[in-house]
Amino acid sequence: MRCVIARYPFELTKDGVLASMKGITPEVVTGESVTVGRHRYPVKQVGQVVTRQDRRDFTSGEVVRAMTRLGFTCHEYPETTPVGGPTPLHTASALLGGIVSPEV
């Protein structure tokens, strides 16, 4: 299938995308993602591997459209919210001996 990503034409196939992503470790999903094989990858990671372009050169929407047309399942939000540590406000407050409620 012919598609344009970051103003460059690409001839992508489902088998080609599967082969490109084989052996690639998925990064943490924090936004839009695509299921390739048994793994769920951020769309920007898939776009970078498949097109060999810098992630800043294309939008996630371009990759989502291409992957959807190829038959891959795309997801708008991550399955679970990434577990983060304390916020900078909580860290600073703890260092200063104060307590900040999590609702702030």
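Predicted model: local features only at pLDDT ≥ 70, side-chain atom pairs only at ≥ 80, totals over all residues.
**Exercise 1. Find which residue lies over the face of F58, and at what distance from the ring centre.**

Solution. Step 1: recall the rule, by which a charge sits over a ring if NZ of Lys or CZ of Arg is within 6 Å of the ring centre and within 35 degrees of the ring normal. Step 2: look above F58, where K44 lies over the face at 5.0 Å from the ring centre.

Residues are numbered from 1 along each chain as its sequence is written, and side-chain values use heavy atoms, with hydrogens and water left out.

**Exercise 2. Work out the order of the strands in the open sheet, and why one side of β4 and β5 is left without a neighbour.**

Solution. Step 1: strands are DSSP runs (E, at least two residues; helices are H or I, at least four), numbered from the N terminus, and two of them pair if DSSP finds at least two bridges between them. Step 2: the 3 strands follow the order β4-β3-β5, with antiparallel pairing. Step 3: β4 (39–42) and β5 (73–75) are at the edges with a single partner strand each, so one side of each has no neighbour in the sheet. Step 4: zoom in on β3 (residues 33–36), which 4 bridges join to β4. Here V36 stands opposite H39 in β4.
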